Number of protein chains: 2
Amino acid sequence: MRTASFYPPFRVLMGPGPTEVHPRVLAALARPLVSHFDPTGFRLLDEIRALLQYVFQTRNEVTFVVSGPGTAGMEACVANLVEPGDKVVVCQNGFFSGRIREMVERHGGVAVVVEEEWGRAVDPEKLEDALRRHPDAKVVAFVHAETSTGVLSDAATLAEIARRHGCLTLVDTVTSLGGVPVKVDEWGLDVVYSGSQKCLSAPPGLSPVTFSERALDAVRRRKMPVVSFFLDIQALADYWLGKPPAAGANAARVYHHTVPIPLLYAIHEALTLLREEGLENAWARHRANHSRLRDGLEAMGLTYWVRSEADRIPHLNTIRVPDGVDDAWVRRRLLEDFGIEIGAGLGPLAGRIWRVGLMGYGSHPRNVAYFLSALREVLAR
Amino acid sequence: MRTASFYPPFRVLMGPGPTEVHPRVLAALARPLVSHFDPTGFRLLDEIRALLQYVFQTRNEVTFVVSGPGTAGMEACVANLVEPGDKVVVCQNGFFSGRIREMVERHGGVAVVVEEEWGRAVDPEKLEDALRRHPDAKVVAFVHAETSTGVLSDAATLAEIARRHGCLTLVDTVTSLGGVPVKVDEWGLDVVYSGSQKCLSAPPGLSPVTFSERALDAVRRRKMPVVSFFLDIQALADYWLGKPPAAGANAARVYHHTVPIPLLYAIHEALTLLREEGLENAWARHRANHSRLRDGLEAMGLTYWVRSEADRIPHLNTIRVPDGVDDAWVRRRLLEDFGIEIGAGLGPLAGRIWRVGLMGYGSHPRNVAYFLSALREVLAR
């Protein structure tokens, strides 16, 4: 058996995530460990919560990271909110909204699907219509930025409709958070999850989540305990926030599991960088580099999968593979000859699109220029 | 809001985990990212699997890490193996076996508890007796090394009894793996999970798991899908091993979630270190440093919680807090004046024991000497 250390090759990560990570974040990963019950570690937890409240634009107390990737965050939201028999309207316009639907069904919920073409934003009219037909729905679930298609939906409008029909919202912001505005309180979103490895530019392995008071009330009123012990939001809050004290006692953090300290160091540093830059500046930077890329691609005669510019995720560009071009060969050449990774299409879009990410630290003119020059060279061969 | 970087203080981690991490492992954490679909990343996955087969002493194909802490690994084992109505005999002699019981019940299983005093090994006679009374039991679950009490149970004997009664075994090796012999194939264990942050001396956040063919057959025969999408072992295997190919096609890895690359770098390096040392040498080292510590503690008049030396986990020493000594004050002095962290008692043992870990990289004469000298000084104040 080979026992040598593993050294990664040169890579420019321009797929749908993970993204490149700032050197300060890489350096943070290597700091010596403290334990999950160290007093200074508690300070780390508190600061991560405050930084996430800023990034999510929320005052929700229950705002922290789940100790797993975005998929674990998605499951945390579904598992806590959905009880067997609950009706959930799922707006399905891509791969990840399909995954929410599958999770709802595995948890015994009844999914009502509002179907949309892969490449279009969720249609608010269709949601309104579904809610009229299903007045007993409890939750509306949708993906803000569909990583599989490059489509951004209008989260504020969808949430407003859901609220008007008395539903809670379950919102995927994995690819939107940090890259475009996500305003949890202003838009009235209820349970929201994200991922660490997209526009936050931390390594993969953590999922930021936030729960509104309305959502927590629903969790507290559950008839059955949450099936998942690992993702039980109330037990997680007893660690991250401390358990509400009995009369006269102090709140104390309750052990639940050992949190992944190096990833917490890393997301703390990444969020600190974002705070230093300022959210608005980060949004503007993502938009500016998107425009640079789009202009370059259009000059080469390439076109976007998402027709309407307004519906495009600026930092996840889905480009049609031109007729007669071998998708896999192009991606292999980019990877092997230039060290550039871009994403392939998922599901029905396999072979039909490329997914080019300009997220977080990777949203930089250098990456735009390098990618355009490499792609030009490969397509000319 | 404070936006400064976080720098951890000096710490010697001698609690029940996380443990100190080798500088080579810290350095591995900071290597630049590759993505979860990079060809070189696939080599990383394959090597981690081979190294874990060595450490678990198994040829099980389904041997990899779950992208979450030990609690996620525990839940992966329970969620896949236990269906609603399944009878599970849980040998409960501490905090973590109690947690298995809770998970079994949350997943709709019927837990039959074989109760044992906190501080004693699971009694094989009691298990035999319970299985005679419950011939319809499907699974026997137990904790090999109970982190809450410092007790090591006889996994080989318990598994032999379970097998003789036609049961599958679900075994927690979080604190045993790498520190004492764990022989999955020789002992005939079926589903086994561990943690990265104990004797493997990697950072917390990953849970090594291994499933026998017998266990996988049971998973494939389930009537209902696994409730957890995130922890569905067959979907995870489709990524880690590749999906079994259709006729004429190659096995291909199927996307499930984005694995936490830096933690994979780290566990790869930690397992490589263990492979370089050799498992048998690591076991001997853990035992030798245990003896050093025990001799020093006994010379100070301190006694172990676990009476029989044979039942003690060598690398997790549970020591009685002497009469009249303030448990919390001693731990605070050790932490603040010496940077040494040891563990407190959990549940009914709170205030009654200290838990002193000498695991992985932390199992070193330097730590034994420093701890004994610091404790002597604090107790003399």
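Modeller: Helix axes here are lines fitted to C-alpha atoms over the stretch in contact, and angles run from 0 to 180 degrees between N-to-C directions. This is a predicted model, in which local features need pLDDT of at least 70, side-chain atom pairs count only at pLDDT 80 or more, and totals for chains, interfaces and linings use all residues. Residues are numbered from 1 along each chain as written, with chains lettered from A and ligands numbered from 1 in written order.

Colleague: At what angle do H11(B) and H13(B) pack?

Modeller: Helix H11 (residues 279–299) and helix H13 (residues 365–380) of chain B pack at about 15°, and their axes are 9 Å apart. H11(B) is therefore roughly parallel to H13(B) (angles under 35 degrees).

Colleague: Which residues make the contact?

Modeller: H11(B) contributes Asn289(B), Arg292(B), Leu293(B) and Gly296(B), while H13(B) contributes Pro365(B), Val368(B) and Leu372(B). Contact requires C-beta atoms, placed from the backbone, within 7 Å.

Colleague: Turning to the interface, how many residues of chain A are in contact with chain B?

Modeller: On chain A there are 63, facing 64 residues of chain B. H10(A) gives the most to chain A's side, with nine residues.

Colleague: And the sheet in chain A: what is the strand order?

Modeller: The open, mixed sheet of seven strands runs E2-E10-E9-E8-E5-E3-E4. E2 (62–66) and E4 (110–115) of chain A are its edge strands. E3(A) (residues 87–92) pairs with E4(A) in the parallel sense over six bridges; pairing needs at least two DSSP bridges.

Colleague: Which residue is the bridge partner of Gln92(A)?

Modeller: Glu115(A), in E4(A).

Note on methods
Contact = placed C-beta atoms within 7 Å. Helix = DSSP H or I, 4+ residues; strand = E, 2+ residues; numbered from the N terminus. Parallel < 35°, antiparallel > 145°, perpendicular 65-115°, else oblique.
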